[in-house]
Amino acid sequence: MKIPFHRTDLGNEEIAAASEAIQSGWLTMGDRTFEFEREFSKYTGASNSIAVNSCTAALHLALRAAGIQAGDEVIIPAMTFIATWEIITYSGAVPVLCDVLKENFLIDPLDIEKKITQKTKAIIPVHYGGESCDMGAIMDIARKYKISVIEDAAHALPTFYKGQMVGTIGDITCFSFYATKTLTTGEGGMITTENHEWAERMKRLRLHGITKDAWNRYSDKGSWEYDVSEAGYKYNITDIASAIGIEQLKKSDKMNIARREIAFKYNAVFGKSGFLDIWKVRDGAGCAWHLYPVKLNLDALKINRNKFIDELKKRGISTSVHYIPMYRFSVFKGSGYTENLFPGCEDIYSREISLPIFPGMTGKETDYVIENVMDILEKNKR
Ligand SMILES: Cc1ncc(COP(=O)(O)O)c(C=O)c1O
């Protein structure tokens, strides 16, 4: 059997919607995008939703809206996708790396507070794998020091923190619709915020800073005239992607249940195996289950993480590692960030592996993964 790490779950509804968008004669941002934004606001409860062409673009616009400038410091977890870091460097601001908690892989609020200086202007918590960070503690720190919270919710649709949907908690939240994410449009992203002024500015910035989008210029209702208030970017989504997004959103809860069922099936076996430390999602916390990470109990095994990945590959099972802590990349050489400063990240990185989890994964596929994981572990126990 061959089990991919991810298989996209797009059905006839998405195909029909994309095809209608193509046949409509209007491909770029237009009515379908505005409908997608309205539906996203209804789903999350956010007052403003702004669709863009990636979560990276969303995060960049969020920093612009929050007024982050050269020299300002922005706190992020060291264990995240590199996009969370790179968007800070775009403006000459300074990313400050925090450790994560080894039990749940989420940014450590105690370490956040230690890293705050006079120059700190924002925190970007990352809802790793789809579990919400400790937003209560993070919002308290942000209010105390008067700094913005921009949530990287690339993995976190749908996710709750104490009953409140992610997308309505921090000052701005950024979602990803990349091909492997819990909701996909191929490439795409969404920004949510309760700040109407910031929302209007981000809408302009996503399209070159122009005061009217193309739809408003070329449609019957529009006129050719427009103004440019400041330099922006080419970050708008297309109507083809939005048409897919509208259909995906209708299935979001169903896809979440399918992911959760796979996770619980894995947990039931792996949790009591003694060979694996399973990911401990907090009681009552919603989880998007974008990832299913486990940590090898190296004391009980003769095999290391990399060898384990190779063994699974031989049996047709694709896996991944989330993440290589970013201070290990060559771009960080000479930065002063070294492995000993991040015990949480190092514990996870030395023994973490992400197993396949996607809504279309069949019972047989899940069983195949469980059987083979257990077989490899049994054969390699100390
Ligand atoms: C945590 C995190 N943040 C940001 C991104 C960037 O998302 P996008 O590919 O939509 O730009 C990703 C993508 O994988 C991610 O995992």
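Visitor: In which sense do β8 and β9 pair, parallel or antiparallel?
Guide: You are looking at a predicted model, in which local features need pLDDT of at least 70 and side-chain atom pairs count only at pLDDT 80 or more, while totals for chains, interfaces and linings use all residues. Residues are numbered from 1 along each chain as its sequence is written, and side-chain values use heavy atoms, with hydrogens and water left out. Helices (H or I, at least four residues) and strands (E, at least two) are DSSP runs numbered from the N terminus, and two strands pair if DSSP finds at least two bridges between them. Between β8 and β9 there are five bridges, and the sense is antiparallel.

Visitor: Which residue of β9 is the bridge partner of Val52?
Guide: β9 also pairs with β1, in the antiparallel sense and over five bridges. Elsewhere in β9, Thr193 stands opposite Ile172. The partner of Val52 is Gly189.

Visitor: How many residues of β9 are buried?
Guide: Buried means under 20% relative accessible area, exposed over 50%, and partly exposed in between, with a 1.4 Å probe and protein chains only. In a regular strand the side chains alternate between the two faces of the sheet. Here Gly189, Ile191 and Thr193 are buried on one side of β9, and Met190 and Thr192 on the other. Of the five residues in β9, the number buried is five.

Visitor: Why do the buried residues of α7 lie on the same side?
Guide: Helix α7 (residues 196–205) has Ala199, Met202 and Leu205 as its buried residues. Judged by the directions from the helix axis to the C-beta atoms, they lie on the same side of α7 because they cover an arc of only 125 degrees.

Visitor: Which strands are among the elements that cover the buried residues of α7?
Guide: Contact here means heavy atoms within 4.5 Å. The cover includes a helix, α3 (55–65). The strands in it include β1 (48–52), β8 (172–176) and β9 (189–193).

Visitor: Which side chain makes a polar contact of 3.0 Å with Glu365?
Guide: Glu365 lies in helix α13 (residues 363–379) and is buried, with a relative accessible area of 9%. Not counting residues up to four places away in sequence, Glu365 touches Met1, Ile3, Arg7, Phe358 and Gly360. A polar contact is a pair of N or O atoms within 3.5 Å; within protein, one must be able to donate a hydrogen and the other to accept it, and residues adjacent in sequence count only if both atoms are side-chain atoms. The side chain joined to Glu365 at 3.0 Å is that of Arg7.
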